[in-house]
Amino acid sequence: MAGITGFLAGVVVLISHLLPIVGWRGNAYIVRPARVVTRNGDPVYSYNPRIDRLTRTLAAGTIYDRNGLVLAASSPDIVKQQLSKLQKSGLETSEIERLARKRLQRYYPFGNQLFFWIGDLNTQLFWGQSNGYYAEATHLSELRGFNSRPRKTDLVTTDYRADRFSPSVQLTRTLSVYDYSELAPALRAGLDSREVAERKAKNRDLQLSINAELQVAIQNALATSAYRDKRISVVVLDAASGDVLASAMHPLPNLQSPDVMLIADRDRQKLPYLVTERDLGMTYPTAPGSTAKILTAMAAFNKLGPSASNISYRISCEEIIRRGTRESEPCNESVDMRAAIVRSSNVYFIRTANDNKLDNELADLYLTTGMNVDFVGGYSFSDTRTDPERNMIRQHWRDSSFVIRRNLYNSTQYPKRYRSEFSGLAWGQGQLTSTPAALARMAGIIANRGVLQPSRYVLNRSGQPQSVSKGQQVARQGNYAQQLESFMIDQSNPAGGRNKISIARVAGKTGTPERIVQGVRRNDGWFVFFAPTPDGRSHTVVSLRIELGESSADAVQLANTVVAPLLKQRGYLGSF
């Protein structure tokens with residue numbers, strides 16, 4: 001009797017646990033993720049394998065660019081229908097026809113030209129990582145007619161081992177968790193059910209903000225330019241809508257040798273050839289140099305008001321941080337903000353930032369535009385941080401780069417006085433790093449009368465146009481941006497000199513930052529500029545960087561001879 005009673009009690013307990021799973025809580029259990037640990041000790045989330053089978057059955061919708069060019073499709077027929085359009089956009093007809101004859105899960109007519117924008121579901125190279133936009137992964141659920149509502153969680157593991165020879169270390173891992181509860185009825189009904197058929201009949205297409213033809217044209221031109229032996233990135237955005245129109249790069253990623261793309265930066269820089277392992281314009285931050293002075297100037301306006309532009313310093317030649325036998329920075333004269341931007345005075349902005357304690361104002365702009373200080377902060381595509389996370393970043397900056405050697409400014413010795421980390425931030429050096437996209441956002445604020453329009457990547461989702469987000473007022477008064485715009489116009493169109501962009505009058509700022517690569521001091525060339533669109537509706541902003549070149553003059557020449565003509569030809573570039 002005791003044995004029978006115990007057995008029956010066990011059956012009752014088992015049934016009581018199973019009934020909710022197969023009954024009223026079945027939908028929750030069938031999509032519930034399990035947190036597991038890899039052999040290296042890395043935590044990951046694992047999902048019901050039936051979810052993957054279902055998403056394959058649903059098949060993704062078609063991805064288009066802003067002008068309706070197909071970027072990704074589940075059927076080769078969709079690609080064939082646009083053969084003539086794709087040919088006009090710069091693609092080879094033979095390559096498109098060869099692609100259409102293959103048996104693939106997804107078809108990408110632009111291939112490596114737009115790899116970091118679209119991704120590749122067939123290979124899943126860099127799948128879900130942060131070195132590209134990867135629309136296939138970012139919008140995986142939307143392309144299949146449901147919303148997985150991804151959210152990020154921080155998990156700490158204490159037993160992570162990079163390999164069997166390394167000791168265990170404590171690392172924080174940020175994991176994405178997906179909610180597949182919307183698919184639960186379809187999972188329980190089966191792949192041949194009416195539920196699945198109805199989902200497949202929905203409009204699941206996606207239209208991105210990118211102009212594919214423009215990006216291909218820029219990339220092809222970069223590959224034949226005088227600077228084709230350097231890594232180059234060009235970001236083009238619309239200041240009024242925030243639309244990212246292109247993030248072009250040279251060289252293109254070599255998808256036939258993905259192993260080389262996976263090596264660390266330090267090892268990549270030792271190779272005798274160039275390798276592009278990420279979207280350079282959106283995700284690769286380096287020192288922005290003097291281009292960041294437009295941000296420091298805006299910080300001064302936000303704290304001091306309109307009088308900030310009237311601040312003037314008598315700068316002696318011994319104060320200048322020299323980097324060559326010739327120095328264009330003004331000295332032995334009084335320098336105000338206009339002269340400091342036009343003639344790129346490092347000392348002026350160092351003194352302005354220190355004398356007026358622009359710590360908070362600079363931090364606000366770094367966070368807003370997505371720049372990094374001391375490798376902390378920044379964002380590549382969209383700012384999804386919470387207020388507590390922003391406060392943690394501010395506190396880190398206040399404890400590090402904002403105070404390290406800050407008392408050097410009290411010295412009377414030059415250039416020792418200007419060697420603190422905070423002084424370096426003021427003129428775009430030291431621990432400040434920025435992507436061309438982040439700098440383009442800063443220029444976009446100035447072009448848009450002090451309002452930052454958040455970067456937009458999707459124009460239409462499942463047949464529903466996506467509205468332009470509400471802009472963020474960054475400049476406390478719109479006339480601050482107008483003053484900076486006039487200074488940048490003077491910088492790019494010197495009186496009695498040659499305009500930096502010969503076919504248009506633009507507002508711009510150059511920069512030649514230094515950084516240490518393989519133990520050697522090297523210079524990058526930067527140029528950020530904007531001009532009204534021909535219809536006067538908005539401004540087109542361009543941020544260009546040539547890595548490990550000579551100076552900003554190279555970036556200006558490339559913008560003048562390659563980028564600006566292509567933009568003007570396609571109706572994006574007008575003139576002040």
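Residues are described here as buried when their relative accessible area is under 20%, exposed when it is over 50%, and partly exposed in between (1.4 Å probe, protein chains only). The structure is a predicted model, in which local features need pLDDT of at least 70, side-chain atom pairs count only at pLDDT 80 or more, and totals for chains, interfaces and linings use all residues. Residues are numbered from 1 along each chain as its sequence is written, and side-chain values use heavy atoms, with hydrogens and water left out.

Helices (H or I, at least four residues) and strands (E, at least two) are DSSP runs, numbered from the N terminus. Cysteine 317 is partly exposed, at 23% relative accessibility, whereas cysteine 331 is buried, at 18%.

Aromatic contacts come next. Rings of Phe, Tyr and Trp (its six-membered ring) pair if their centres lie within 6.5 Å; planes under 30 degrees apart count as stacked, over 60 as edge-to-face and the rest as tilted. The structure holds 22 aromatic pairs. In one of them, the ring centres of tyrosine 47 and tyrosine 180 are 5.3 Å apart and the planes meet at 85°, so the arrangement is edge-to-face. This pair links distant parts of the chain, 133 residues apart: tyrosine 47 belongs to the loop between β2 (43-46) and α3 (49-58), and tyrosine 180 to the loop between β6 (169-177) and α9 (184-189). Tyrosine 180 is buried, at 11% relative accessibility. Tyr47 and Tyr180 also belong to a cluster, linked by ring pairs, with Phe146 and Tyr178.

Tyrosine 366 and tryptophan 397 form another edge-to-face pair, at 6.0 Å centre to centre and 80° between the planes. Tyrosine 366 lies in helix α18 (residues 359-369) and tryptophan 397 in helix α19 (residues 387-399), so the contact ties together parts that are 31 residues apart in sequence. Both partners are buried: tyrosine 366 has 1% relative accessibility, and tryptophan 397 has 0%.
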